Amino acid sequence: MLKVERLVVEHGAIRAIDGISFEVATGSLAAVIGSNGAGKTTLLRTLSGLKESKLGKVWWNGREITGMKPEDLVRRGISHVSEGKSVIPELTVKENLALGGLWRANKSELAESIEEVVTLFPRLGERMSQRADTLSGGERQMLAIGRALVSKPSLLLLDEPSLGLAPLVVEQIFATVSMLCRERGITIVLVEQNAMGALSIADKGIIINLGVIVAQGDAKELIDDPALRSAYLGY
Amino acid sequence: MLKRKSKHGGEHAKATKPANHRNPIRRRIFFFIALGWFLLLLGDRVDELRVYQGALIAIYALAIGSLILLTGYSGQISLGHGAFMAIGAYAAALTQINFAPPLIVTFIVAVLVAALSGALLGGGASRLSGPYLAGTTLALALGLPTLANQFAFLGGETGLSFDVGFPPERFGLDFTLYKWFFWIAGLATLIMLWVIQNILKSRYGRAWKAGRSNPAAASLVGLNVGRRKVLAFTVSAGVAGLAGALLGMIAIVSPSAFPLSLSFAILTGAVLAGLTSLAGTIIGGLVLVIIPDIAETISYNLGDSEAVVANLPGLITSVLLILAVILTPNGPAEQWHHHKEAKKKKELAKGH
Amino acid sequence: MQQIINTILIGISIGSIYSLMALALVLVWRSTRVVNFGQAGQAIVSTYIAWEVLNRSGSYFLAFVFAVAIGGVLGGLIESGLMRTLFKHASEGPIAAVAPVIVTLGLLGVIRAVVGLIWTNEGKSFASPVETSSFVIGDTAIPFSRLNLLIVVTAAIVMIIFSIVFQKTNLGLALRAAAYNPEIARLSGIRVSQTRTIGWVFAGAAGGVAGILVTSNDTLTPNSLDTLLVFAFTAAVIGGLESLVGAVVGGLVLGIGLSFILIYLGTSLVFPTAFIVLVLVLLIRPAGIFGVKGARSA
């Protein structure tokens, strides 16, 4: 279980996150919704260790992980796919995927993991030796997710995977994300501006505005709540 | 629901600050006048060496000031300001030797020639930053003096020297040549520092600062960052040229007078002064002149070996440079400021 | 015609040294976004120590090993000691842009002064391990000696080793990833601060090789590697600071070009020419031959 308690994160003099607490049950999918600048990305960056929090604590599976660095968190099974299709354009597809497993001592496992990801994303398999900057937007997103999967995470943090992608591709991405949770049991925290899409595959929804949680609860209930619908879902 | 911390709560107390930055200039003027009087009163009981060093301090302070303008304000780094000094010195020497105009004209020529070369370099450099600029100015510093060996009229290795004539008779016989040098250098430095101060406070200075911290935003607001960078380089080079001309006045103008270590020394002085603090230039100049002195004393006590004499000043300067950058990155004045701020914060926190 | 071939040969020999040093600069640049002007200082230390070893043991090979080892160790120490402290303390304010440059320069000054204090500023002669007389083919003497051959071959071997490590090994991949995008590298579990140090170790080793090769059969003084530093920087810029291949090509191009100037126009124009080349490249094609446009602002 992921447990966040009274998290406070500052950007200079501004509190980007001002006291957030929530829990995500193991093996479930939580969608974090909010408009631009609400603090969603900051939340993920703090969870994955890229940013230090000022106050508050975070636990994963009973162990406290507050303030741990990303490199160490990866070894604990936490992978973060940062916003903007986080791949390294100058490296090939295969190299990008391999990044996720370099930290492991056992190199044969690395080859195995890459194979698994390729099975999941066949399009990547076709382009293994191409440079990542020759890929389309959707393919890059798959590559980024693929790299995170190579690390064999138990908790996956996804930052706006649908951003800038065509609707058909977005559907595929959401379907894949949902599958990763349902079939592989990976706990997922999905940050999205595409509220409808995210909530429809999630178990739990967390709505953030200006650094605080405005509402949280069962995803289906949130979708059906008329007040929230008009505020955040646009209808 | 956004909470802003009251980090700047103490800001109100500082509203009266603007008056303060006129004071360092005033203080400096008094300092110089007092020093001058003191020297005059002591007459020939003051070691000529100290007067000479006084002139040197002024010259270094001026050179440091020029670098502060460039690096501290427009954020461009120059490892080669010694080259601009050399250009100014050679220009002054050539003018004085060939045309013998009034001294002030010679200096003006030096400033203009150096400023022109600054404009040339700045024009090319405006698209460079960081290490590219550093490397280019480094190459300039190393390469320019060797040009003197190429062309005979530049005097080759032995160099040129020029004469500024003797001090006017009305100052009396006690007023030696070095005192004359000191007054010229000191006056020139004061005037230029005052000019620099005003430039930095003008909209050019503010534009430079904006361009330095956020060039993208600055250009969006319509500030032509590139052109202003060139302007900064031009002015900075001109001032350095004056410092070089003054140096040429009291010493000889040759390639060996402007080695790479001169450029480094000025950079060290600028960092020590605090990259944006003009008030620190005098301190910077002082330190630069004192170091060789100290080094000599130390090496004398250590048995006076040639290796020590040659290398100790460089060692001290370089160590100082590294320490200054790490410990007081924005100058001792800023560091002191931070220290006081931190203390104040602790007090306030306790009060809660 | 013969003259031209000779000039090119000399150029290749000089150029390989530039390439090695340029390689060191690019390595550090790529892994830490810093141009290490202190590289010349590190190389001087390793060369002086190699000189001591050579004098005491008579074995050039041993001296070479020491040069590489000391260069590498020094590089690693400086990164983990000095540079990390620097990033902690001086990452804001006007100093941030120039702090790394200034510190590496200060380092150069410190090292040079210490070296001068220990070994004095007098020139030391550094023996060459192999024949330094020109090769003779038929009855023409080519101004290319066994020493030049050794230099070219050694430099080539070093570069091949580096490219294998960088392109084919996992370590190399980690190094490249950390250099291109430290954030993604960290998120992938790569310990970026370690890879940085390793980058500096490699660079230091390369610099050590360059230092000992260029000083062989020449005089060693605390300042003798200064011009090499400037030429290496120029070579790196020509090739594009981002590219290891570029560093190599840039070095050779510069070496051959300067060789022509040297033979046909005389020594005193060499330095100014290098400077003009540097400025021209930066003005006309700032990204260098192999660089990517837009990579010019640090």
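Reader: Which residues of helix H7(A) are buried?
Author: This is a predicted model, where local features need pLDDT of at least 70, side-chain atom pairs count only at pLDDT 80 or more, and totals for chains, interfaces and linings use all residues. Residues are numbered from 1 along each chain as its sequence is written, while chains are lettered from A and ligands numbered from 1 in the order in which they are written. Helices (H or I, at least four residues) and strands (E, at least two) are DSSP runs, numbered from the N terminus; a residue is buried with 20 or more other C-beta atoms within 10 Å of its own, exposed with 12 or fewer and partly exposed in between, the C-beta atoms being placed from the backbone. In H7(A), the buried ones are Ile173(A), Phe174(A), Val177(A), Leu180(A) and Cys181(A).

Reader: What covers the buried residues of H7(A)?
Author: The cover includes both strands and helices of chain A. Among the strands are S3 (29–33), S7 (155–159) and S8 (187–192). The helices include H6 (137–150) and H8 (195–201).

Reader: How far apart are the end C-alpha atoms of helix H7 of chain A?
Author: The expected span of a helix is 1.5 Å times one less than its number of residues. H7(A) runs over residues 167–184, so its 18 residues should span 26 Å. The model agrees, with a distance of 25 Å.

Reader: Is Ser178(A) partly exposed or buried?
Author: Ser178(A) lies in helix H7 of chain A. Leaving aside neighbours within four places in sequence, its contacts (C-beta atoms, placed from the backbone, within 7 Å) are Leu29(A) and Ile201(A). Because 16 other C-beta atoms are within 10 Å, Ser178(A) is partly exposed.

Reader: Which are the edge strands of the six-stranded sheet in chain A?
Author: Two strands pair if DSSP finds at least two bridges between them. This open sheet has mixed pairing and the order S6-S7-S8-S3-S9-S10 (chain A). The strands that pair on one side only are S6 (78–81) and S10 (212–218) of chain A.

Reader: In which sense do S3(A) and strand S9 of chain A pair?
Author: Strands of a sheet pair through backbone hydrogen bonds, either parallel or antiparallel. Ala31(A) stands opposite Gly205(A) in S9(A). Over four bridges, S3(A) and S9(A) (residues 204–209) pair in a sense that is parallel.

Reader: What is the order of the open sheet of four strands in chain A?
Author: Its pairing is antiparallel. The edge strands are S2 (14–24) and S5 (63–64) of chain A. Read across the sheet, the order is S2-S1-S4-S5.

Reader: Which helix gives the largest share of the side of chain A that touches chain C?
Author: Here 20 residues of chain A are in contact with 16 residues of chain C. Helices H2 (70–75) and H3 (93–99) of chain A each supply at least two residues of that side. The largest share, four residues, comes from H2(A).

Reader: How many helices does chain B have?
Author: Buried residues make up 49% of its 352 residues. Chain B has zero strands, and its number of helices is 13.

How values were computed. Two residues are in contact if their C-beta atoms, placed from the backbone, lie within 7 Å.
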